[in-house]
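Colleague: I would like to learn how to read helix packing and cavities in a model. Could you take me through an example?

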Amino acid sequence: MPGNSRPTASPEAGARMQPTRTTRLLQTGRPPAGQGPRPVNPPVMRASTVVFDSVAEWRAARQQRQTRQVLSYGARGTQTTFALENALSELEKGHRTQLYPTGLAAATQVLMALLRPGEHLLITDAVYAPVRHFCSTWLPALGVDCEFYAADGHDVAARLRPGKTRMIYAEVPGSLLNDMLDLPALAALARSCGAWLAVDNTWASGWLLNPLTLGADISILAATKYIAGHSDLLLGAAVCNERAYPVLAHFSESTGQTVSPDDAALALRGLRTLELRLERHERNALAVAQWLGRQPAVARVFHPALPDDPGHALWKRDFKGGNGLLAVEFHDPDPGRRDRFVDALECFGIGASWGGFESLAVPIDPAALRSVGAWHGRGSFVRLHVGLESPEDLCQDLMQAIVAAQFTTAPPQPDPDRS
Ligand SMILES: *Cc1c(COP(=O)(O)O)cnc(C)c1O
């Protein structure tokens, strides 16, 4: 991992050190040195009204805010939100960042700001369900032609409509089942017809993958998840290249998107331990995944870090690590026994969202959220978020819940179509 590589020592006297990204994660977005005593963290600056000493100063701020981070009105940001924007831009190697009150707001604002009536959107079949809902209901009402492509992206080239396709929207790995996509290939296709490539990067949370370095124009983050990391705030971001930022910033201002400075400060606090937490989430998730894979009741475990996962090669090529999200398919298709399994869990809360320190479980029905291609899943499914608890406790909990569920463990008849 680059984060662990040693900084290259410079032989020149007085040369500035080049901190690794592990160190920069702890430094970015903090009050600068050289201006006297200062707190370690940026102060929480709460404001609606900002007052000026002269009309000239007021006018200058309103002019400068088009291109720079200046204090002009609370909705346009304060030093707390500016610090978070800068930290996320650095983390994602972007030009600038637009913040939103939720991850969903970030995704829908990207779609609304960049698409016009008559234009065509290609969006992954494995997209986060509320974004799918937005695309199926509100985008057609705005005249945008919205088409889903297969969760593995194999049909994107065939579905492109040069001159009409204005955006390819990806989420990697895909929601619920962690389907992988080849981002550089999607970026080349988007470029070939002048379309935007927007990537929901919430899974990697800006740390495990940087879509902009692979050719994307925008990286969408639900900072609600691992960046916040403690299940106590909602926040979204779109980290942009130079082409996308002005459009998103203008649309955001026009539609009154803003973020509370308290939430921005909490997100910055969460950021400092992002690498540490992701490492432990991944380690625990792999321990749980390997344990689940040995249980007779289990048909399959979905996590791209597992060597037999169909997306493993792409994940290894593009990602710097994994996280705590996995899905499990039980042989038993009965939703009642599956729900009994979830109800019996004691260490796992029953709840949506994820990325906090704690373990979660929810029953899922991936077939209901897919519209492209044949669906091969035959059992019943549960999505787990593996938290920072002891993996021994988590496996013990899963064991007793499997017993309590009384699954029929006999695997169904082999399906010749299923590899
Ligand atoms: C949770 C999530 C979102 C939305 O985040 P909120 O802050 O809850 O609105 C968007 N995309 C993905 C992939 C998510 O998991």
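This is a predicted model: local features need pLDDT of at least 70, side-chain atom pairs count only at pLDDT 80 or more; totals for chains, interfaces and linings use all residues.

Colleague: How are two packed helices described?

Modeller: Two packed helices are described by the angle between their axes and the distance between the axes. Here, helix α4 (residues 103-114) packs against helix α5 (residues 129-141) at about 35°, and their axes are 10 Å apart. The crossing of α4 and α5 is right-handed.

Colleague: Which residues make the contact of α4 and α5?

Modeller: From α4 they are L104, A107, T108, L111 and M112, and from α5 they are P130, V131, F134, C135 and L139. By class, nine residues of this contact are nonpolar, one is polar and none is charged.

Colleague: At what angle do α3 and α9 cross?

Modeller: Helix α3 (residues 79-92) and helix α9 (residues 261-272) cross at roughly 35°, and their axes come within 8 Å. Their crossing is left-handed. Residues in the contact include A83, L84 and L88 of α3 and A264, A265 and L268 of α9. The contact of α3 with α9 has 11 nonpolar residues, two polar ones and no charged ones.

Colleague: How many cavities of 30 Å³ or more does a search of the whole structure find?

Modeller: The search finds one. The largest cavity has a volume of about 60 Å³.

Colleague: Which residues line the largest cavity?

Modeller: The lining consists of D125, A126, V127, A129, R132, S175, L176, P366, L369 and R370. Six of the lining residues are nonpolar, one is polar and three are charged.

Definitions and conventions
Residues are numbered from 1 along each chain as its sequence is written. Side-chain values use heavy atoms; hydrogens and water are left out. Axes are lines fitted to C-alpha atoms, for helices over the stretch in contact, and angles run from 0 to 180 degrees between N-to-C directions. Helices (H or I, at least four residues) and strands (E, at least two) are DSSP runs, numbered from the N terminus. A crossing is left-handed if the near helix is turned anticlockwise from the far one by less than a right angle, and right-handed if clockwise. Contact means heavy atoms within 4.5 Å. Ala, Val, Leu, Ile, Met, Phe, Trp, Tyr, Cys and Pro count as nonpolar, Asp, Glu, Lys and Arg as charged, and the others, Gly among them, as polar. On a 1 Å grid over the protein atoms alone, a cavity is a set of points where a 1.4 Å probe fits but cannot get out, and a pocket is an open set with protein on both sides within 12 Å along at least five of seven lines; lining residues have an atom within 4 Å of a point. Grid points are joined across faces, edges and corners, and a volume is the space filled by probe spheres set on the points.
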